[in-house]
Number of protein chains: 2
Amino acid sequence: MSNIIKIGLLGCGTVGTGVIKVLEENLDEITPRVGAQLTISRILVRDMKKKRQLPGNAVITDNIDDILNDPEIKIVIELLGGIHPAREYMLKALQAGKNVVTANKDVVAQFGKDMFAAAEKSNVDFMFEASVGGGIPIITPLKQCLTANKLTEVIGIVNGTTNYMLTKMSEENANYDEVLKAAQEKGYAEADPTADVEGLDAARKTAILASIAFNSRVGLDKVYTEGITKITPEDIAYAKELGYTIKLLSVSRDGEKGIDVRVHPALLPQSHPLAAVRNEFNAIFVKGNAVGETMFYGRGAGQLPTASAVLADVIDVARDIVKGHFGKIRCTCYEHKTFCPIEKTTSSYYVRLLVDDQPGVLGAIAMAFGQTGVSLNAVIQKRKVKNNAEIVAITHVVQEAKIRKAEQVLNKLPAVDKICNVIRVEGPTCQEG
Amino acid sequence: MSNIIKIGLLGCGTVGTGVIKVLEENLDEITPRVGAQLTISRILVRDMKKKRQLPGNAVITDNIDDILNDPEIKIVIELLGGIHPAREYMLKALQAGKNVVTANKDVVAQFGKDMFAAAEKSNVDFMFEASVGGGIPIITPLKQCLTANKLTEVIGIVNGTTNYMLTKMSEENANYDEVLKAAQEKGYAEADPTADVEGLDAARKTAILASIAFNSRVGLDKVYTEGITKITPEDIAYAKELGYTIKLLSVSRDGEKGIDVRVHPALLPQSHPLAAVRNEFNAIFVKGNAVGETMFYGRGAGQLPTASAVLADVIDVARDIVKGHFGKIRCTCYEHKTFCPIEKTTSSYYVRLLVDDQPGVLGAIAMAFGQTGVSLNAVIQKRKVKNNAEIVAITHVVQEAKIRKAEQVLNKLPAVDKICNVIRVEGPTCQEG
């Protein structure tokens, strides 16, 4: 047990501090599990003057070369976030023969291929469990535990900020602006919440999940993305009445029409296991042709949960160092599957409209839907909004192209004042139609 | 990709046939993931004359030596079940330098130590993901993904048969005998259901889970075990009224008083993620000091889910064979923690009594509880059963020894006709008291 494995840490923010904390607190458990002692020996920081609590013998530096050129450092943990300079630093570390562990979904989603190639060339490991689902084990389950399956579906709640906001909207009848403010006060949402509320953070994670699940590189540009900014308390109330919960879903499906990858709000039946995932929790539901339905649930963000995932990878690599072997599981994108464009995907849809409150209007609307090949499963008309009647329709499963055509036709009807919202309804048959 | 890795399969029952099926159907996915082609070359069966569909070039035999002495077989999958001769065969296979993958909870729970020692000596792998939770990845998550944590709690629903029965009892107001019959008709329960309904199957899985979670060998004899045979529709109805669901729980805790490991029915708050796990599904809830709360959910049994887990291990081993290295994670029981005897564990309790329907009886009962140091959190008295009144009490968290003392005192009270049931209530504070 006298072996020491030295680590270079890039970034000492929330997660970096968490990694230091967890490693310190659990060292007595981790050392025998690894068969060697893990030590963070150098830490890259932006501001050398800032006061921080550093682990034992760690030295801080603001020069990446101090870490890249230290031959004793075998593992580099990258927690800078964002593309630059994280991408360049990781690439250099891999080229310098260092194993790299990262939580950086941006780099993995967009430049994972380069990282894997560099890791393979240097015969080192490149690991990124923390990039999706925070503390929830999901990358290893997909690459390892479920690898005997043909995976057909990965559906998840992968953004804690928006799930917290939608939970509050649903349980406290609050509106979007109120819950955004609450999320910002709790530290769940950034001052500029765009990446979360517009679905971009979830889209990056979706690109990573789909790439692994379907053995095919899924670029960020292939992920159709809608955020939650248009969701209103009215939509949430109607959804509830109809037996649904609105969630921001990450959806990846591999079907006959190709890979269908998207992030958008969706009505989820209250009986679906994901519907019960509340607040900042995440969960990922995976379907395989042997295992059937599985789900992985836990904290999708936060200092310690993310540190748990980062250190799991570090321990995995350290066990490789102890044994002297690397790269058991390399990049698994050995296929080039085609994609199903969003227009060709199918779903059931929730449509909320304001229309003239006159006899015959409901018929005209039903006709407009029918004319474009959209059949209705349920219609509610109960509330008056000023002079208008509010109508909510749930369609049968239909191709996206048809619902878009229906929107155009409805918009031209004189009796239709406004199409307030169109939201997909997640069901079991969404790639059937 | 021209490499072929040959496998010997012991047992060709439900799960064995499932392994053959999944390997055949998903071979095009599995081969590139492994970097070699997996082939089942020999199959050990009891009855050579039975008609079966065999994979490509497989040869059946009723002599284990045909497999042990075949130098081309690198991996042995053991699916015989039970202790004998599975234990002896696995040991011989390991000694012969073959990697072993098993779904055998009996052998792992009782003789895991010998298996690990033999695997280490021969420098091969010994894997058993399918022994707990069927298709749900749980052994790998515990040994690998959550290994940076000090794990404090593993609570699960790990027996699909009893969960199916309790779900039916709860949702259809059926009684124990009816649901047992339904479970037998569906093939969920054996003709002799003892191992399931008395909690023994769950106890074996609990011994395995606790051993891994707490780095300490937990023998089957250390698992306090109660089954579900005493649960009545009345208990389920009262539980529901009080906001609980009754589940057969596997509970492993590591606290100040030692390791507390048990299997018993428990009232679980309806808001607990495990309360929503219905029918034959399993789920395991794991708490760690970094990751917080996580949960793993899926099918805990069945042909294809179990085959999914068996083949995940096979692929893991095959990747090791391709890379030429083994034994990355060996036995992790490097500690010798003490155990907390059941009398010293603490819990809140549900107690259902039949008492004389007379003034003052409720007071006498409350006094008997108080006299033994048990304080009550809630009491319901609403129903008459013949000449008796039925009382249900929920206690505050108290030591098991005290509730047993209270039972003795209550039994001696002339007004108490019968203590119908005492069931633990699972709460957040069960090792506090």
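Biologist: To begin with, are Phe116(B) and Phe126(B) buried or exposed?
Modeller: Please note that this is a predicted model. Both Phe116(B) and Phe126(B) are buried. For Phe116(B), the relative accessible area is 11%, and the residue counts as buried because the cut-off is under 20%.

Biologist: How many aromatic pairs are there over all chains?
Modeller: Searching the whole structure gives 11 aromatic pairs over all chains. One of them joins the rings of Phe116(B) and Phe126(B), whose centres are 5.5 Å apart; their planes stand at 85°, so this pair is edge-to-face.

Biologist: Which parts of chain B does that pair tie together?
Modeller: Phe116(B) belongs to helix H5 (residues 105-122) of chain B and Phe126(B) to strand E6 (residues 126-127) of chain B, so the pair ties together parts 10 residues apart in sequence.

Biologist: And what of Phe116(B) and Phe128(B)?
Modeller: Phe116(B) also forms an edge-to-face pair with Phe128(B), at 6.0 Å centre to centre and 80° between the planes. Phe128(B) lies in the loop between E6 and helix H6 (139-145) of chain B, while Phe116(B) is in helix H5, so this pair links parts that are 12 residues apart in sequence. Phe128(B) has 4% relative accessibility and therefore counts as buried.

Biologist: Which residues form an aromatic cluster in chain A?
Modeller: Phe116(A), Phe126(A) and Phe128(A) form one aromatic cluster.

Biologist: Where does the charged end of Arg87(A) sit?
Modeller: It sits over the ring of Phe111(A), 3.8 Å from the ring centre. In chain B, the charged end of Arg87(B) sits over the ring of Phe111(B), 3.8 Å from its centre.

Biologist: Changing topic, which residues does UniProt list for "binding site"?
Modeller: The unreviewed UniProt entry lists Leu10(A), Gly11(A), Cys12(A), Gly13(A), Thr14(A), Val15(A), Gly16(A) and Thr17(A) under "binding site".

Biologist: Where is Gly11(A) placed, and what is it in contact with?
Modeller: Gly11(A) is in the loop between strand E1 (4-10) and helix H1 (14-25) of chain A. Its relative accessible area is 8%, so Gly11(A) is buried. Leaving aside neighbours within four places in sequence, Gly11(A) is in contact with Gly16(A), Leu44(A), Leu79(A) and Leu80(A).

Biologist: Where does Val15(A) lie, then?
Modeller: Val15(A) lies in helix H1 of chain A. With 21% relative accessibility, Val15(A) counts as partly exposed. Beyond its neighbours within four places in sequence, Val15(A) is in contact with Leu79(A), Thr306(A) and Ala307(A).

Biologist: Now helix H8 of chain A: which of its residues are buried?
Modeller: The buried residues of helix H8 (residues 176-185) of chain A are Tyr176(A), Val179(A), Leu180(A) and Ala183(A). They cover an arc of only 105° around the axis, so they are on the same side of H8(A). Asp177(A), Lys181(A) and Glu185(A), on the other side of H8(A), are exposed.

Biologist: What do the buried residues of H8(A) pack against?
Modeller: They pack against helix H7 (160-172) and helix H9 (194-197) of chain A.

Biologist: Through what surface do the copies meet?
Modeller: Of the interface residues of chain B, 100% are also interface residues in chain A, so the copies meet through the same surface.

Notes: Residues numbered from 1 in each chain as written. Chains lettered and ligands numbered in written order. Predicted model: local features only at pLDDT ≥ 70, side-chain atom pairs only at ≥ 80, totals over all residues. Heavy atoms only, no water. Phe/Tyr/Trp six-rings, centres within 6.5 Å; stacked < 30°, edge-to-face > 60°. Helix = DSSP H or I, 4+ residues; strand = E, 2+ residues; numbered from the N terminus. Buried < 20%, exposed > 50% of the residue type's maximum accessible area, 1.4 Å probe, protein only. Lys NZ or Arg CZ within 6 Å of the ring centre and 35° of its normal. UniProt positions renumbered as here; feature names shortened; annotations may be inferred. Contact = heavy atoms within 4.5 Å. Arc of directions from axis to C-beta.
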